[in-house]
Amino acid sequence: MTAAIPASAPSPAQGPAQGPAQGPAPGAAAGHVRTPLGEFWRRFRRQKVALIAGAFLFALLMVAVFAPWVAPYDPATPDYMAILQGSSAAHWAGTDAYGRDVFSRILFGARISLAVGFLSVSLGGLAGVSLGVVSGYYGGWIDSLIMRVCDVLLAFPGILLAIGVIAILGPGIDNVIYAVAVFSVPIFARLARGSTLSLKRAVYVDAARAIGVKDRVIMMRHLLPGALPNVIVYFSMRIGTSILTAASLSFIGLGAQPPSPEWGAMLADGRSYIGVADNVTLFPGIAIFVTVLAFNLLGDGLRDALDPKLRMA
Amino acid sequence: MLEYLAKRLLGIIPVIFAISVVVFAFVHLLPGDPARLVAGLDASQEDVAAVRQSLGLEGPLWQQYLRFAGNAVQGDFGISLKTRRPVLTEIGERLMPTVWLTVFAMLWATVFGLLIGVLSAVKRGRWQDYGGMIVAVSGISFPSFWLGLLLIDLFSVRLGWLPTGGYGTWAHFVMPSFTLGLGVAAVMARFTRSAFVEIAREDYVRTARAKGVPEAFVIWKHTLRNALVPVITMTGLQFGFLLGGSIVVETVFSWPGLGRLLVDSVSYRDYPVIQAEILLFSLEFIFINLAVDVLYAFANPEIRYK
């Protein structure tokens with residue numbers, strides 16, 4: 001575990017650089033203080049693939065936010081004069097069985113997939129990290145209980161847990177967020193617990209306790225930041241997995257329901273037209289694949305930049 | 001070894017108890033009165049009472065649980081609300097198709113995952129490595145249901161070589177098992193590569209090379225055999241995840257297995273079947289994990305004596 005400092009810490013490297021008048025004076029070394037953030041960025045910059053993935057995801061986020069202005073057609077308005085058309089200048093990705101523009105639907109679908117991904121992983125991450133820090137800090141029976149439950153949850157494939165939650169809450173995209181959040185909890189709990197265990201014996205934590213700092217404050221201010229680097233890496237990777245799981249749930253009919261332009265639901269819709277109009281399944285499939293791939297590649301790059309020791313090569 | 005096995009077997013008893021409670025509580029977690037939910041909004045008072053009895057929802061909770069657990073131990077999970085047949089019969093018919101599907105998927109995924117992983121590790125930094133890892137990271141990101149649809153489009157609709165779905169001959173197995181195994185093959189390839197690379201850094205591998213052992217021998221005897229230990233664990237765990245993946249793949253290929261039964265039951269609110277399936281899946285995962293741990297302990301004495 002590298003000595004971790006919150007990624008949000010202000011970078012002193014930018015602070016002292018008050019102007020170009022630094023010159024080759026002895027003080028120049030001060031301009032080169034290596035902050036963890038600066039070091040991270042220096043390494044991350046070299047990960048070309050991850051940079052491209054990150055840029056793509058940023059573009060996708062913009063498109064999702066501004067979908068109503070970017071999309072050439074309304075995603076829900078049918079046009080029965082133009083059903084199941086192939087790609088053309090008017091309809092880049094063709095039209096579906098109701099004559100709706102597939103490209104516009106994919107752009108609107110990006111909103112759903114990104115929202116489900118971010119929300120579910122944030123929810124699961126928040127719960128998991130809190131449990132993990134508490135578990136690692138207090139130890140004892142609290143620790144055993146939380147970790148036992150996590151072990152059981154981890155042993156299940158995500159989709160089965162999600163289906164269990166859906167079976168109780170009922171199908172629908174809102175419930176998919178909770179369903180997918182559940183299986184992110186144990187991973188984040190383990191990560192946070194690991195870093196908490198290694199940090200709670202640090203001198204500064206002992207010192208904080210000695211001067212009477214409250215447990216809650218120690219956990220929030222001194223232990224939580226240590227877990228953040230790993231949490232960020234997994235955050236990116238889990239979003240990819242969550243988007244994939246949510247799309248799977250919609251595909252099997254337990255997530256977003258048909259008129260919704262959710263990518264998995266669009267694929268389920270297009271199933272009946274395989275061989276007749278392949279564009280209806282081809283383009284939403286590409287959208288899911290490329291988005292999930294980008295999150296995974298970004299996660300790989302973040303991991304390598306945060307901790308070169310973990311690097312596979 | 002026997003002592004370790006006994007300890008592990010005893011250890012899963014509380015887990016099974018916890019899962020049985022969760023599965024039992026499942027019906028009670030539903031918002032509203034489950035009997036009313038099942039019988040329908042316009043059902044008469046008598047109908048609701050009849051459904052309540054058939055779901056075993058009478059009497060105090062602890063009595064309900066004892067009845068549920070007692071019946072479950074004897075293989076009685078009640079009657080399917082959809083087909084009106086015993087749940088055990090429904091599940092029994094669907095079990096083998098799912099088992100065979102996962103076994104075939106696991107077989108090809110292990111073989112190809114190992115091959116790609118070892119090739120990538122041996123040719124580290126060269127095009128084989130980059131090629132292998134591109135395939136692997138793509139395989140992890142590929143939606144299995146989309147892959148299934150693409151295969152159906154190509155091999156069934158266009159070429160007419162393979163059936164679009166269903167169960168019966170070997171031809172029915174080709175596309176579903178390929179689709180199901182791809183993600184696992186990708187995970188195996190990545191994992192094998194990193195395990196292999198790690199072992200290749202060990203002193204004894206360098207020593208072997210230094211004393212002039214032929215390269216092929218270094219790879220097979222010194223590196224691969226040691227790298228396989230963590231890979232075996234991984235294989236076992238992936239088995240559980242294949243069972244989860246089968247839920248989606250069975251839907252794509254109209255496969256008459258447990259996964260599709262589960263999806264249908266959730267859509268139909270066939271609670272007795274859902275309960276039995278969740279219990280069955282959970283038990284499968286527990287025993288697969290147990291088998292993995294025992295195998296691992298067998299391979300690595302350090303764990304046994306801890």
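Predicted model: local features only at pLDDT ≥ 70, side-chain atom pairs only at ≥ 80, totals over all residues.
Visitor: What is the average pLDDT of chain A?
Guide: Chain A averages 81, and 87% of the residues score at least 70. pLDDT is the predictor's confidence in each residue, from 0 to 100.

Visitor: Where does pLDDT stay under 50 in chain A?
Guide: That is the case over residues 1–30 of chain A, for which the model has 30 contacts beyond four places in sequence. Two residues are in contact if their C-beta atoms, placed from the backbone, lie within 7 Å.

Visitor: Turning to chain B, how many helices and strands does it have?
Guide: Chain B has 13 helices and zero strands. Both are DSSP runs numbered from the N terminus: helices are H or I with at least four residues, strands E with at least two.

Visitor: What box do the C-alpha atoms of chain B fill?
Guide: Taken along the principal axes, the box is roughly 85 × 60 × 30 Å.

Visitor: What percentage of chain B is buried?
Guide: Buried residues make up 37% of the 306 residues in chain B. A residue is buried if 20 or more other C-beta atoms, placed from the backbone, lie within 10 Å of its own.

Visitor: Which domains is chain B divided into?
Guide: Chain B has domain 1 (19–73) and domain 2 (94–304), with bounds from an automatic or database domain assignment. Their centres, taken over C-alpha atoms, are separated by 38 Å.

Visitor: How many residues of these two domains are in contact?
Guide: Ten residues of domain 1 of chain B are in contact with six residues of domain 2 of chain B. On the domain 1 side, the largest share, five residues, comes from α1(B).

Visitor: And how many residues are in contact between chain A and chain B?
Guide: 34 residues of chain A are in contact with 38 residues of chain B. On the chain A side, α12(A) gives the largest share, eight residues. The residues of that side divide into 24 nonpolar, eight polar and two charged. Here Ala, Val, Leu, Ile, Met, Phe, Trp, Tyr, Cys and Pro count as nonpolar, Asp, Glu, Lys and Arg as charged, and the others, Gly among them, as polar.

Technical notes. Residues numbered from 1 in each chain as written. Chains lettered and ligands numbered in written order. Buried ≥ 20, exposed ≤ 12 C-beta atoms within 10 Å, placed from the backbone.
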